[in-house]
Amino acid sequence: MASSSFNIDAPRWDQSTFMGRLKYFFNVTDCRTALLPDSRLDEAKALVESCRAGSIPPGTTEEQLHFAKKLYDSAFHPDTGDRMNLIGRMSFQVPGGMAITGCMLQFYRTVPAVVFWQWVNQSFNALVNYTNRNAASPITPKQIGFAYITATSTALATAVGLNLYTKKAPPLVARWVPFAAVAAANCVNIPMMRQQEILNGIAVTDEDGNKLGQSTKAATKGITQVVISRITMAAPGMIILPIIMQRVEKYKFMQRITYLHGPIQVMMVGAFLIFMVPAACSLFPQRCSMAVSQLEPELRDSIVSQYGDKVQQVYFNKGL
């Protein structure tokens, strides 16, 4: 049985190492949690909050507490504690991403198909980016709309432009167009959706969680890491899978089942994403750190004047 002093927020795995973060994200991105009803998630949240308050229900085991924390981390925002929408959760990245990416890789030959699936993908990405933002920096509906339109336009312009440009290129090059569009759009979508953080900064704290101020440089670092993670998440499936399909489509048995090429690609993308979603999320610590010396002069001077050399590092939630 769990003792009343059990610290449910203490990490089960070392978050300072890639392997520790990988185990953590394999846990919280488990797509099976996306199938659970809201009532079950709310029960998990209540148990987590009871544990934090030092009031653990009698007979509760540590394993039950760990599972409740897994559900809590998979479905509730780390900044607000609010339940996130289903499609925007990282636990939905595998089923949602495999369906959309598989279709982008299958239907890449015609401009209407490219336009439709890039639009679907950017709509999905915009919701994921908004859901996993640093919620301490509010964003208005007007800014959300502008970010969505800008990112979608970038993806469509890249995809359609490259699609037309590669008409005379080797077939494999044309198959890589969706990835180029996704990568370009991520470089726009994420910063635009989180523009308030870049303009006004995000909250930075000391090691104990005491707020020290707002930093735009911390926001830039966090968002840059998120962009790299998202592109890395998509890269293996969208680069390697076209090579595989290019080769196997030459076999007669594959030519007899062209109607299954789409479902096959969807399933293969899923196989990549099961590993790549947690791996990409693990590239950088969720609780990002930055040396005080790298902060804006005003914030750096403020911290030094109050704390001297006691505070060498600041910490912040980079988002996902």
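**Exercise 1. Where does UniProt place the feature "transmembrane region"?**

Solution. Before we start: this is a predicted model, where local features need pLDDT of at least 70, side-chain atom pairs count only at pLDDT 80 or more, and totals for chains, interfaces and linings use all residues. Residues are numbered from 1 along each chain as its sequence is written, and side-chain values use heavy atoms, with hydrogens and water left out.

Step 1: look in the record. An unreviewed UniProt entry puts the feature at residues 227-245 and 266-285. Such annotations may be inferred rather than shown by experiment; the positions are given in the numbering used here, and feature names are shortened.

Step 2: check the model. Residues 227-245 are 100% helix and 0% strand, with 27 Å between the end C-alpha atoms. For residues 266-285 you get 80% helix and 0% strand, and the end C-alpha atoms are 30 Å apart. (Helices are DSSP runs of H or I with at least four residues, strands are runs of E with at least two, and both are numbered from the N terminus.)

**Exercise 2. Work out whether glycine 237 is buried or exposed, and what it touches.**

Solution. Step 1: find its place. Glycine 237 sits in helix α10, which covers residues 216-248.

Step 1: apply the cut-offs. Buried means under 20% relative accessible area, exposed over 50%, and partly exposed in between (1.4 Å probe, protein chains only). Glycine 237 has 6% relative accessibility, so it counts as buried.

Step 2: list the contacts, meaning heavy atoms within 4.5 Å. Skipping neighbours within four places in sequence, glycine 237 is in contact with Leu105, Pro242 and Phe272.

**Exercise 3. Describe the protein chain as a whole.**

Solution. Step 1: count the pieces. You'll find 13 helices and 4 strands.

Step 1: The C-alpha trace spans about 65 × 50 × 35 Å along its principal axes, and 49% of the 320 residues count as buried.
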